[in-house]
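Okay, thanks for coming, everyone.

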Amino acid sequence: MLKKFTSLFPLWAVLLSAVAYLYPEYFAPHNNLIVPFLSLIMLGMGVTLSVDSFLEVLKRPHVVLLGTLMQYTLMPLAAWAVSIALNLPADLMAGVILLGCCPGGTASNVICYLAKGDVALSIVLTSVSTMIAFLATPFLTWLFIGQTVEVDVTGMLVSVINIVVLPVALGLAINYFFESRIKAVRDVFPAISAAAIVIIIAIIIGTNSENLEQSGPLVLLAVILHNGLGLAGGYGAAKALKFSEKEARTIAIEVGMQNSGLSVALAIKHFTAAAALPGAIFSIWHNLSGAFLAGHWSKETEFDRDKHEIS
């Protein structure tokens, strides 16, 4: 039942977003919940990881290096190019670029599993990009929008450490020292994370209900283009370097799916409510596009397996 609830995350996000848009007064006043909820999500991610998953890095460093490099080169560049091409206002541009400078999203691990990708590699890529985000995200954000919008690099660095690094490290420690005790409830954490991110999205939609009428379609277009460039670029680069199909799918998903919750929290704290809008819309869209892509790749894998068995 919990897995079913988690797998239907995009549906819950769309439904609650619609409610928040129609009744913003019930969600907009609760901006103060965004950071604690995101920290809870990061704690859950840490609990579901193990030290062994990080040791996977030693086995395929070249694959992890490519995925991480593309995460922090292609996605910021794509965000900047899309913002310029669409001539986005300064606050929306800040939001899109901040989104592009964030690490991979935790939902990518689920999408990777559904797409018949390499789940172990997906977890490692998400973990590595998350753990270096405390340096990469503030620096890249300043690099790409520092000339347009004032960026508090030090404040953002401290925020990422508090919101991401410390909760993930705490989760890893809990998993390491109390693995046998929490084994029975580990499946609860993805469902909690899904519920938390749905609430975060609803709060942002409620806060930006007036901006959505004017900027919603433009932001959605920016998000679709950004996500599409990440998915296509990750897959294309991996294939060009002769990586396996499973590795290519995994890198595509990891690069294309951002930690939009982090971008929302940082935008609210360091920019404006409008700057959080791209992250909120991305939270919904990248799960929908990821689920569609996973379905396509899953069917493709089954077709190839059947064809192989017949031959």
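**A cavity and some helix pairs**

Let's begin inside: the largest cavity is lined by Gly67, Thr68, Gln71, Leu125, Ser129 and Glu254. Before I go on, please keep in mind that this is a predicted model.

So which elements give two or more residues to that lining? They are helix H5, which covers 61–71, and helix H9, which covers 119–131. H5 gives the most, with 3 residues.

What kinds of residues are these? The lining divides into 1 nonpolar, 4 polar and 1 charged.

And what volume does the largest cavity have? About 30 Å³. If you search the whole structure for cavities of 30 Å³ or more, you find 1. If you're new to this, the general idea is that rolling a probe the size of a water molecule over the atoms shows where empty space is left.

Okay, on to how helices pack. Two packed helices are described by the angle between their axes and the distance between the axes.

The axes of H5 and helix H15, residues 245–256, come within 9 Å of each other and cross at roughly 30°. Angles under 35 degrees count as roughly parallel, and H5 and H15 are therefore roughly parallel to each other. Their crossing is right-handed.

Now a second pair: helix H6, residues 74–85, and helix H7, residues 90–100. Here the angle is about 160°, and the axes are 7 Å apart. Angles over 145 degrees count as roughly antiparallel, so that's what we call H6 and H7. The crossing of H6 and H7 is right-handed.

Last topic, the database record. Which residues does UniProt list under "transmembrane region"? The entry is unreviewed, and it gives 30–51, 63–86, 92–114, 121–145, 157–176, 188–206 and 218–238.

I've picked two of those to look at in the model. Residues 121–145 are 96% helix and 0% strand, and the end C-alpha atoms of that span lie 31 Å apart. Residues 218–238 are 100% helix and 0% strand, with the end C-alpha atoms 30 Å apart.

Conventions: Residues numbered from 1 in each chain as written. Predicted model: local features only at pLDDT ≥ 70, side-chain atom pairs only at ≥ 80, totals over all residues. Heavy atoms only, no water. 1 Å grid on protein atoms, 1.4 Å probe; cavity = no way out; pocket = protein on both sides within 12 Å on 5 of 7 lines; lining within 4 Å. Points joined across faces, edges and corners; volume = space filled by probe spheres on them. Helix = DSSP H or I, 4+ residues; strand = E, 2+ residues; numbered from the N terminus. Nonpolar A, V, L, I, M, F, W, Y, C, P; charged D, E, K, R; others polar. UniProt positions renumbered as here; feature names shortened; annotations may be inferred. Axes fitted to C-alpha atoms, helices over the stretch in contact; angles between N-to-C directions. Parallel < 35°, antiparallel > 145°, perpendicular 65-115°, else oblique. Left-handed = near helix turned anticlockwise from the far one by under 90°.
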